[in-house]
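I opened a new notebook page for this structure. My plan is to go from the whole chain to its parts.

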Amino acid sequence: MTLSGSEDEFFNILRIIVSWILFSFIIDFPVDNKDGDIALRIVGDVHGNLVSRLSRRKHEWSERETLSKSRYKLAPGKNFMIEVLTLEDNFKVAVNGFHTSSFYHDFRLKDVKMLDVQGDVSDITVEQKFVQQYPKRTARSLHFEHLSKREEYPDRSESSDIDEFEEPSDTNMISSAQECSIEKYLPVPYYASFDKKFFAHGFRATITGRARRIDSYFAVVFQTGTQDWPYPEWCFRVMFQYYCSQCGTSAPVDVDEDEEPVDVQINSEIRLTIKRGRDDYRSTFNGRSLRSRPFKSDPESVDTILIFGDIRLLDLEIED
C-alpha cells in the first residue's frame, strides 16, 4: 500500500484492522532508499501473545523491543487493531485501542511511502488519517469509567454493545481455609474520570488489588484527559516497583524520582491510599507511609486517574 501525506503533515495515524489471524503477522514501513531500510517493523506472535518492534538500517537490524505499557491478548480467529502514530522522532504503537510503546527513529518521514502487511492474516482494512488525539477511544469500554455514572452502569460485562476488541474481565480463584471464591478484577489500563475540581483538598483515592508478578510494577497517574497523545498534563505520577522481603529480595536503592519500591507478596492484597494535601499528595501502602510528592501541575485540573501495569485491580474508591 502507498502512503499519502506531505512532509509537513507528519501527525498522521494508520489504523490496521485485521479480521482474522492464525499464528503471526509482520507490518513493515519501508524507507524509499537504495539500502532497503525499514523504519519500523511490527511483529505479532499469537502463540507468544507478543507484539514486538524493530528497524533495519543498512542491512543491520536493531534490537527487538518487546516491553508494553498496556496488556493485550492476541487469539487465533479474533479481530485485532494496530494503530501507528507517526511523529518526527518516534512511532507510537497501540494494540486494540491502547498505547503499548514508543519506537524512536531517525528516518525522514517523507521517505516512508509504503506499508506492507504479511503473515497468517486476512480481511485487512487500512485507514490513514490526520488526528488530534491518539489512540482511538471506543464509545463504550470497561477500561473507562466516569465515577458519577457508576450507579448508572453497575455491571456492563454482559453488554452486547461493548467494543469488539474488548477482552473478557480478568478473574482469579481465591482459596482459604473457610471458603473458595472467584474474584473479578477491573480491566487494566483503567481510566477513572470525574469533573475537574472534584478531587479537592482532603480527598483521597484508595486502590486495592493484587500483584501479578513480584519482579514488576504498577503505576498511578493523576492527569488531565484520557489520551496518550498529545501528552496529557499530570500532577502526580508514580511507578510502584515490587520487591518481596519474604523472598529474600531487598528494596532497590537507586530509584528515580517517580519510582517507589513497595514490599509485596504474590497474590496478597495490596492497598494504596493517596490523599491530597495543601501542597502535595501523601500516600500509604499497606499502612506504611511513603514520601510525600509535591504537585507537578495545578491539582484543580486533574480529571482522570490512570492505573496500569502488573496489577490485578480490585477497586478504586474516592472519598473525602
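How many helices and how many strands does the protein chain have? I counted 0 helices and 22 strands. For these I used DSSP runs, numbered from the N terminus: helices are H or I with at least four residues, and strands are E with at least two.

**Ground rules.** I am working with a predicted model, where local features need pLDDT of at least 70 and side-chain atom pairs count only at pLDDT 80 or more, while totals for chains, interfaces and linings use all residues. Residues are numbered from 1 along each chain as its sequence is written, and side-chain values use heavy atoms, with hydrogens and water left out.

**Whole chain.** I looked up burial next. Of the 320 residues in the protein chain, 47% are buried. Buried means under 20% relative accessible area, exposed means over 50%, and partly exposed lies in between (1.4 Å probe, protein chains only). Then I checked contacts, meaning heavy atoms within 4.5 Å. Among contacts with a separation of 6 or more, 66% link residues 24 or more positions apart.

I started with β2, residues 38–45. Strand β2 is largely enclosed by the rest of the structure, because 7 of its 8 residues are buried. I noted its partners, taking two strands as paired if DSSP finds at least two bridges between them. Strand β1 (residues 12–30) runs antiparallel to β2, with 7 bridges joining them. There P30 stands opposite I38. Strand β3 (residues 50–57) is also antiparallel to β2, over 6 bridges. R41 has L54 in β3 as its bridge partner. The hairpin of β2 and β3 has 4 residues between the strands, and N49 takes a positive phi near 50 degrees in it.

Is β6 mostly covered or mostly open? I found strand β6 (residues 90–95) mostly covered, with 6 of its 6 residues buried. I then recalled a general point: in a regular strand the side chains alternate between the two faces of the sheet. Both faces of β6 are covered. On one side sit N90, K92 and A94, and on the other F91, V93 and V95.

Strand β5 (residues 80–86) runs antiparallel to β6 and is joined to it by 5 bridges. The two strands form a hairpin with 3 residues between them. On the other pairing, β6 and β7 are antiparallel over 6 bridges. The hairpin of β6 and β7 has 2 residues between the strands, and its N96 takes a positive phi near 55 degrees.

How much space lies in the largest pocket? I read about 1000 Å³. The search ran on a 1 Å grid over the protein atoms alone, and a pocket is an open set of points where a 1.4 Å probe fits, with protein on both sides within 12 Å along at least five of seven lines. Grid points are joined across faces, edges and corners, and the volume is the space filled by probe spheres set on the points.

The lining has 38 residues, and S68, K69, S70, Y217 and F308 lie nearest the centre. The elements giving two or more residues to this lining are β7 (98–104), β14 (217–223), β15 (234–243) and β21 (304–309). Lining residues have an atom within 4 Å of a point. By class I noted 16 nonpolar, 12 polar and 10 charged residues. Ala, Val, Leu, Ile, Met, Phe, Trp, Tyr, Cys and Pro count as nonpolar, Asp, Glu, Lys and Arg as charged, and the others, Gly among them, as polar.

**Cysteines.** Which cysteines form a disulfide? C244 and C247 do, with their sulfur atoms 2.4 Å apart. The cut-off is a pair of cysteine sulfur atoms within 2.5 Å. The structure holds 1 disulfide. With 65 degrees about the S-S bond, this link is right-handed. C244 is buried at 2% relative accessibility, whereas C247 is exposed at 57%. I also looked up C235, which is buried at 1%.

V126 lies in strand β8 (residues 116–129). V126 is partly exposed, at 29% relative accessible area. V126 and R15 are 111 residues apart along the chain, yet their C-alpha atoms are separated by 5.7 Å. E60 belongs to strand β4 (residues 60–61), and at 59% relative accessibility E60 is exposed. From E60 to D37 I noted 8.8 Å, C-alpha to C-alpha, and 23 residues in sequence.
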